[in-house]
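Student: Hi! Could you walk me through this one while I have it open?
Tutor: Happy to, let's look at it together.

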Amino acid sequence: MTQENTSQRASIDLKGLQEELQKAIDDDKRYWLENDAKFRAVDQGTITYDEFRDIVKAAHLQPLECKDLKNLSTSHKGCIWNLVSGSSGTSNYIADESSNSTANIENLTMTKESFLKNFKKCSTDQERFVMLRNISVDGEIPRIFSLEIPVDLMSSIVRALIEFDDNPESIKTVYSILKHFTKVQRFELGLQFLSSIEKKEYGKLFDKLLASTQVCQQDLVQLGITECEIKLLREKYKV
């Protein structure tokens, strides 16, 4: 056997050992991630088995980079749900393409991808709220996000909803959007990825929403929106 063949065989054996070692390391890491997730799920106390299973299954998922978000409309095709914010607690969804106003928003009958594109065109949260209010009138939000919504995007929408005015139409927009989000898949699981800053923003929105019920209480009651209903909705967001 030549020296060249001996060297090649040794190289192949070394590669196999490296792969085996890496697999053992990955398996061990995932085991402990899932084990920690199980304890975290149990600590919540009131979750269902399906939610428990989802938390454990998602234990190994990692935050996406900004470049991943920019490819949302191409490679991911609306399938991303595990989006967590960076260390600053702010969303990357609206980091760029924000120089245009709502006047440049495209046709409001849209897909999830075109919604993201139009949402980023708005330069302020006030403009984003106007966009949300306009498409909510046509019932677009439940259609666009019929199955799930990325956590980062939900937090960006919440920041925009904080800009609502104290009138029945705006309050109805906020309430209906928040209520719909509780019905999408993995809503409970998504809340686990909220940063402390995002949780404060959610709390701020509900505080303002509850305060607004005193301004036009009678009109809101006719719309089926009461202080009690808002408090029940807030409990689902755990803020």
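Student: How many residues of helix H5 are buried?
Tutor: Helix H5 (residues 112–121) is mostly covered, with 8 of its 10 residues buried. Buried means under 20% relative accessible area, exposed means over 50%, and partly exposed is in between, using a 1.4 Å probe on protein chains only. Helices here are DSSP runs of H or I with at least four residues, strands are runs of E with at least two, and both are numbered from the N terminus.

Student: Which residues in H5 are buried?
Tutor: They are Lys112, Ser114, Phe115, Leu116, Asn118, Phe119, Lys120 and Lys121.

Student: Before I go on, what sort of model is this?
Tutor: It is a predicted model, where local features need pLDDT of at least 70, side-chain atom pairs count only at pLDDT 80 or more, and totals for chains, interfaces and linings use all residues. Residues are numbered from 1 along each chain as its sequence is written, and side-chain values use heavy atoms, with hydrogens and water left out.

Student: Thanks. How many aromatic pairs turn up?
Tutor: Searching the whole structure gives 6 aromatic pairs. Rings of Phe, Tyr and Trp (its six-membered ring) pair if their centres lie within 6.5 Å; planes under 30 degrees apart are stacked, over 60 edge-to-face, and the rest tilted. One of the pairs is Phe145 with Phe181, which is edge-to-face at 6.3 Å centre to centre and 80° between the planes.

Student: Where do Phe145 and Phe181 sit in the chain?
Tutor: Phe145 is in the loop between helix H7 (140–144) and helix H8 (151–161), while Phe181 is in helix H9 (residues 168–181). They are 36 residues apart, so this pair links distant parts of the chain.

Student: And are those two buried or exposed?
Tutor: Phe145 and Phe181 are both buried.

Student: Why does Phe187 count as buried?
Tutor: Because its relative accessibility is 6%. Tyr237 is buried too, with a relative accessible area of 1%.

Student: Which rings form a cluster?
Tutor: Phe115, Phe119, Phe145 and Phe181 are linked into a cluster by ring pairs.

Student: Which residue lies over the face of Phe119?
Tutor: That is Arg128, at 5.9 Å from the ring centre. Likewise, the charged end of Lys208 sits over the ring of Phe164, 4.6 Å from its centre. The test is that NZ of Lys or CZ of Arg is within 6 Å of the ring centre and within 35 degrees of the ring normal.

Student: New topic: at what angle do H8 and H9 pack?
Tutor: About 160°, with their axes 11 Å apart. Axes are lines fitted to C-alpha atoms, for helices over the stretch in contact, and angles run from 0 to 180 degrees between N-to-C directions. H8 and H9 are therefore roughly antiparallel to each other, a label for angles over 145 degrees; under 35 is roughly parallel, 65 to 115 roughly perpendicular, and the rest oblique.

Student: Last one: what is phi of Arg186?
Tutor: Near 65°, a positive value in a residue other than glycine. Arg186 is in the loop between H9 and H10, and it counts as partly exposed because its relative accessibility is 33%.
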